[in-house]
Amino acid sequence: MEQVFDAIADGLADKQYAIVDDFLKEEEVDAILKEDHFQHYQQHFKKAGIGKQANAQINEAIRGDLISWVDPQTALPSTQVYLSRLQDLIQFLNRALFLSLKDVEVHQTVYPIGSYYKRHLDQFKKDDARKLSVILYLNKNWTAENGGQLRIYSNDQSFDVLPIAGRLVCFRSDALEHEVLPATRERLSITGWILDRIKI
Ligand code: OGA
Ligand code: MN
């Protein structure tokens, strides 16, 4: 993992984002996909809102994904593997980049066919705890024809990232606008944020 963590630290320092493959191994991704929760997401996932929890409003013109927040206390072993790798990443980035990252919050995410998330920033207006956005993709055999790219806007340019299984995208939550393009297949991921305070 050392090389992968190094690549993330370098990317963040140089350009505010990093894209790495094999953050989770194929077997580790498979184990998450087999979780009952993901298999039966229609029962467990809810339409995502916009804004912080209490004020969150559903607006499908802006985002159409379904989400399920992960409780670290009750997460299944397959998801624990991912959570503990993120904890290792936090420790690594704190040392490599002199940060004081402390915690992480994640939700499992499904974008139904045709749904999208319009261009936005991940940091809330009145709460700057979210320092880094981290998205792990879970989609096997995904090709450009399937759409569903993450489009990142950086320095008056944009580029697209395919949501390929095992790939992690990490970027500055306060700095980089981004959007999710509609897809021809269900698009699965675990979306999260690394915080500079302990989550309450
Ligand atoms: C988000 C988001 C990007 C992606 O949930 O805030 O921008 O690629 N997700 O899923
Ligand atoms: Mn986002």
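What radius of gyration would a compact globule of 200 residues have, and what does the protein chain have? A compact globule would come out near 16 Å and the protein chain has 16 Å, so the two agree; the radius is taken over C-alpha atoms, and the globule rule is 2.2 Å times the number of residues to the power 0.38. This is a predicted model, in which local features need pLDDT of at least 70, side-chain atom pairs count only at pLDDT 80 or more, and totals for chains, interfaces and linings use all residues. Residues are numbered from 1 along each chain as its sequence is written, chains are lettered from A and ligands numbered from 1 in the order written, and side-chain values use heavy atoms, with hydrogens and water left out.

As for the overall build, the protein chain holds five helices and eleven strands (DSSP runs, H or I of at least four residues and E of at least two, numbered from the N terminus). Its C-alpha atoms fill a box of roughly 40 × 40 × 35 Å along the principal axes. Of the 200 residues, 50% count as buried, meaning under 20% relative accessible area with a 1.4 Å probe, protein chains only.

Then there is the metal. His-120 (NE2), Asp-122 (OD) and His-178 (NE2) coordinate the manganese ion (ligand 2) at 2.1 Å; donors are N, O and S atoms within 2.8 Å of the metal (3.2 Å for Na, K and Ca), and water is not among the atoms, so sites may look incomplete. Asp-122 sits in the loop between strand S5 (117-120) and strand S6 (130-137), while His-178 belongs to strand S10 (residues 177-180), so this pair ties together parts 56 residues apart in sequence. Asp-122 is buried at 9% relative accessibility, and His-178 is buried too, at 3%.
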